[in-house]
Amino acid sequence: MGEALRLLIENATATEMPTEHILRAAELIRQAAAPLGEHRRGRFDTASADDLLGGIRLYNPVTGEGSAFAPPVDMHREGDLAIGTCTLGRAFEGPPSFAHGGVSAMLLDQMLGYAVTTAGHPGMTVRLDTVYRSPVPLYTPLRMTASITEVNGRRVTATGAITTTTAPTTALVEATGLFVALRSDQAKRLFGPVLDRSA
Ligand SMILES: CCCCCCCCCCCCCC(=O)SCCNC(=O)CCNC(=O)[C@H](O)C(C)(C)COP(=O)(O)OP(=O)(O)OC[C@H]1O[C@@H](n2cnc3c(N)ncnc32)[C@H](O)[C@@H]1OP(=O)(O)O
């Protein structure tokens, strides 16, 4: 379903079809959406397809295969380096033909988070600094990298970059993120209801 939704969003964002076609499509989309809404999970319920501790989040807005919104980014590790790939379509546009700057920050937040989490230092982002060197092109295979630069108690710093796959040494956007590991009281305060319901 995620793939179908992403096709829908791409075509809906790029279409130049006449108004009557768009109104007909809107009606069909409403008809398709209604039965899905008949049985929904609540705010604190994780998706039945998810495995929180195993890191599976089907509807994550960056990596989730099931997400209408995610590019989705495919991530893996090679040694100390986290690597991600994706191609951004029209829905991610900011400046004409290039990605929105907030999208680049979102991709890098997730990449840095993946780097720290898969290195055994899970934490929440408390700071993300982005440097935009060149616009990120749409419809172009992208490569993202991230790695840890410092572990200081509960505070972990990671850096990363977005490049194209054809010019992997030319950073378009760079980011440095600070992640903080939660104390148990913080984890309970923020995620208690979710953990209780998924136990
Ligand atoms: C195999 C599995 C794969 C799965 C992959 C999954 C990938 C997941 C990817 C997810 C990616 C997406 C990720 C997301 O999108 S996470 C979502 C976005 N982030 C948030 O919503 C976090 C909001 N912040 C907070 O809730 C609090 O700040 C928390 C609870 C995190 C810490 O609470 P608190 O703020 O009260 O801190 P502390 O008292 O515990 O102290 C902690 C230490 O940290 C220092 N500090 C704090 N803030 C800052 C700051 N801004 N600059 C510099 N330093 C800062 C602080 O001084 C102290 O240092 P020290 O005094 O100890 O030296």
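Good morning. I begin with residues 98–163, whose end C-alpha atoms lie 13 Å apart; the span is 27% helix and 44% strand. Helices here are DSSP runs of H or I of at least four residues, strands are runs of E of at least two, and both are numbered from the N terminus. UniProt, in an unreviewed entry, lists residues 98–163 as "domain: Thioesterase". UniProt positions are given in the numbering used here, feature names are shortened, and annotations may be inferred rather than shown by experiment.

Two remarks on the basis of what follows. This is a predicted model, in which local features need pLDDT of at least 70, side-chain atom pairs count only at pLDDT 80 or more, and totals for chains, interfaces and linings use all residues. Residues are numbered from 1 along each chain as its sequence is written.

Let me turn to the whole chain. The protein chain has 4 helices and 6 strands, in the sequence pattern α-α-β-β-α-β-β-β-β-α. Its C-alpha atoms fill a box of roughly 60 × 45 × 25 Å along the principal axes. The chain is divided into domain 1 (2–36) and domain 2 (74–198), with bounds that come from an automatic or database domain assignment. The C-alpha centres of domain 1 and domain 2 lie 30 Å apart.

Of the 199 residues, 20% count as buried, that is, with 20 or more other C-beta atoms within 10 Å of their own, the C-beta atoms being placed from the backbone. Contacts are pairs of residues whose C-beta atoms, likewise placed from the backbone, lie within 7 Å. Among contacts with a separation of 6 or more, 60% join residues 24 or more positions apart.

Next, the strand pairing, which requires at least two DSSP bridges between two strands. Strand β4 (residues 142–152) runs antiparallel to strand β2 (residues 81–86), joined by 5 bridges; here glycine 84 stands opposite methionine 144. β4 is also antiparallel to strand β5 (residues 155–164), through 10 bridges. Asparagine 152 has arginine 155 in β5 as its bridge partner. The hairpin of β4 and β5 has 2 residues between the strands, and glycine 153 takes a positive phi near 65°.

Finally, which residue marks the bend in α4? α4 bends by about 80° at phenylalanine 191, the angle being taken between axes fitted to the seven residues ending there and the seven starting there. Proline 193 follows within four residues.

How values were computed
A residue is buried if 20 or more other C-beta atoms lie within 10 Å of its own, exposed if 12 or fewer, and partly exposed in between; C-beta atoms are placed from the backbone. Two residues are in contact if their C-beta atoms, placed from the backbone, lie within 7 Å.
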